[in-house]
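Q: I'm new to this structure. Could you show me how to read a few of its features?

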Amino acid sequence: MKRVPYTGHQLYFDGDTLYQDMLRSIDQARHRVWIESYIFAADHTGRRFGAALARAARRGLDVRLHLDAAGSLFLIPRKFLKTLELAGVRVRTFHRWSWRDPWRYNRRNHCKLLITDSASVYLGGFNIHDQSSRISSGERCWRDTHIRLDRLDLVRRAADVFNLFWTRRLPRRLRRAAPPDLFVGDSLVTNRIPRHRHALRRLFRLGLLHSRQRVLLTTPYFAPDRRTRRHLVQAAARGAEVCLLLPAVSDNRITQMAARYLYERLLRAGIRIYEYNPRPLHAKTIVVDGKWASIGTANLDYRSLFHNYEINFVTDNPEICRGMETIFESDLSESTEITLTSLRKFGLWERLGGRIGWRLRWWL
């Protein structure tokens, strides 16, 4: 399943299909192309995007590229950025290291956004790099989820969120914005707005509190805070089927070991845990009772909930919810269910690493 179209929305589970559509949107843009990515590498995929951004800038468009200093560290040579700037692309880097304010380096812009004109916004888990491309990385490419939104109000909201960090000014619309109703219609949820700093924790908390039948949660990095863990356990105690899909192969071993440190207590609470086998899992999604879904950049860990800046799309669209359930079931067919018996396969070093990782969870 590569692309799932809906009216005003389109889901992506394949990087090459997503990149093809993103590049087409950039080439078809007539006024602006704004893009930000936590990871933007100057590899084959990144060079394709760089060329498309340069072409758009030469056509006279407002082209902005916002990179995260930590996420793209050592991945983009200065020459690559200089070529873009000479073409007219405006490039900025979020939170470079500063001796004057070293602690700000811990707060990363983890968002992935592409805004073209007032027509479309793309957001989700996919970064701009070869690891998410089957053409470039083969069958071991990262499994991820992204969505394109074609509604004017959502594109405007995304543009306001982008501008908040680009201009370092809080637009009036965001200054007055109340937290969205997470269970009615479509909305964008971000913790970039100062008064919404805990919006992502609220998103997960309310989703779990309202669950009655089934919770399908996919995340590559799992280290929830105490309150969110309690809501997971309470959902299972109410009789809801709570299923966690986590990676069997991770790009961050210490975080994976920290997640496995929780397995036993969650299994004893009735929560079902699966590990996805074929390739690294990077999707961040949740579906509740088949009636409510979230797709975005936020992991269920301390970094996303307390440190990083994130953005998620939340919807009660029944077609999207069904599509998300379908892909979750497909992923489960390629996963191994973890049981109390199978926990024995994790040896001494895995358990020791889990204890260490869990103590470091605030910084992972």
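Predicted model: local features only at pLDDT ≥ 70, side-chain atom pairs only at ≥ 80, totals over all residues.

Q: Let's begin with strands. Which strands pair with S13, and do they run parallel or antiparallel to it?

A: Two strands count as paired if at least two bridges are found between them. Strand S12 (residues 241-247) runs parallel to S13, joined by five bridges. Strand S18 (residues 335-338) runs antiparallel to S13, with four bridges between them.

Q: Which residues are the bridge partners of Tyr274?

A: Tyr274 of S13 is the partner of Leu245. In S18, the partner of Tyr274 is Glu337.

Q: Why is S13 said to be largely enclosed by the rest of the structure?

A: A residue is called buried when its relative accessible area is under 20%. Strand S13 covers residues 272-276, and four of those five residues are buried, so the rest of the structure largely encloses S13.

Q: Now the backbone. What should I look for in phi?

A: Most residues other than glycine have a negative phi.

Q: Where is His95, and is it buried or exposed?

A: His95 lies in the loop between strand S5 (90-94) and strand S6 (113-116). Its relative accessible area is 17%, so His95 is buried.

Q: And where is Asp289, and is it buried or exposed?

A: Look in the loop that links strand S14 (285-288) and strand S15 (292-296) for Asp289. Asp289 counts as buried because its relative accessibility is 15%.

Key. Residues numbered from 1 in each chain as written. Heavy atoms only, no water. Buried < 20%, exposed > 50% of the residue type's maximum accessible area, 1.4 Å probe, protein only. Helix = DSSP H or I, 4+ residues; strand = E, 2+ residues; numbered from the N terminus.
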